Amino acid sequence: MRKTNDTYLVTIRGRRFRERYLRDPDGWVKVSSRDRRFRMTAEQVLNHLLPALAFGPALGLTVTVEHAERDRKSTRLNSSHV
């Protein structure tokens, strides 16, 4: 089992939205609730993630991290959540 940052899926959920963050060969990607994809730097991912971790419970947010093995020949995670 590989435990590199390209094998994890980070999800932030609220009452009416879900944002997913994952790493592909070109860098970090945010997938919005409407399935729009946005390229991000690692610093931008942290700027989104850290407030959700700090204030999430008070705001009704949940943050989950899932491990999903990436097929070495593919750019997609082997997970039904992506």
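Author: Two strands pair if DSSP finds at least two bridges between them, where strands (E, at least two residues) and helices (H or I, at least four) are DSSP runs numbered from the N terminus. In this predicted model, S3 and S4 pair in the antiparallel sense over four bridges. Because the model is predicted, local features need pLDDT of at least 70 and side-chain atom pairs count only at pLDDT 80 or more, while totals for chains, interfaces and linings use all residues. Residues are numbered from 1 along each chain as its sequence is written, and side-chain values use heavy atoms, with hydrogens and water left out.

Reader: What lies between S3 and S4?

Author: The two strands form a hairpin with five residues between them, and Asp35 in the turn has a positive phi of about 60°. Within the pairing, Val31 stands opposite Arg37 in S4.

Reader: Is Ser32 buried or exposed?

Author: Buried means under 20% relative accessible area, exposed over 50%, and partly exposed in between, with a 1.4 Å probe and protein chains only. Ser32, placed in the loop between S3 and S4, is buried because its relative accessible area is 13%. Taking contact as heavy atoms within 4.5 Å, and leaving aside neighbours within four places in sequence, Ser32 is in contact with Arg18, Arg20 and Phe38.

Reader: In what order do the five strands form the sheet?

Author: The order is S4-S3-S2-S1-S5 in an open sheet with antiparallel pairing. Strand S4 (37-40) and strand S5 (62-67) are the edge strands, each pairing on one side only. Elsewhere in the sheet, five bridges join strand S1 (residues 8-13) to strand S2 (residues 18-24), and Ile12 stands opposite Glu19 in S2.

Reader: Which strands does helix H1 lie across, and at what angle does H1 run to S4?

Author: Axes are lines fitted to C-alpha atoms, for helices over the stretch in contact, and angles run from 0 to 180 degrees between N-to-C directions. Helix H1 (residues 42-59) lies across S1, S2, strand S3 (27-31), S4 and S5, running at about 105° to S4.

Reader: Which residues make up the largest nonpolar core?

Author: In soluble globular proteins, nonpolar side chains tend to be buried together. A nonpolar core is a set of buried Ala, Val, Leu, Ile, Met, Phe, Trp, Tyr and Cys residues joined through side-chain atoms within 4.5 Å. Here the largest one has nine residues: Val10, Ile12, Tyr21, Trp28, Met40, Val45, Leu49, Ala52 and Leu61. Its largest share, three residues, comes from H1.
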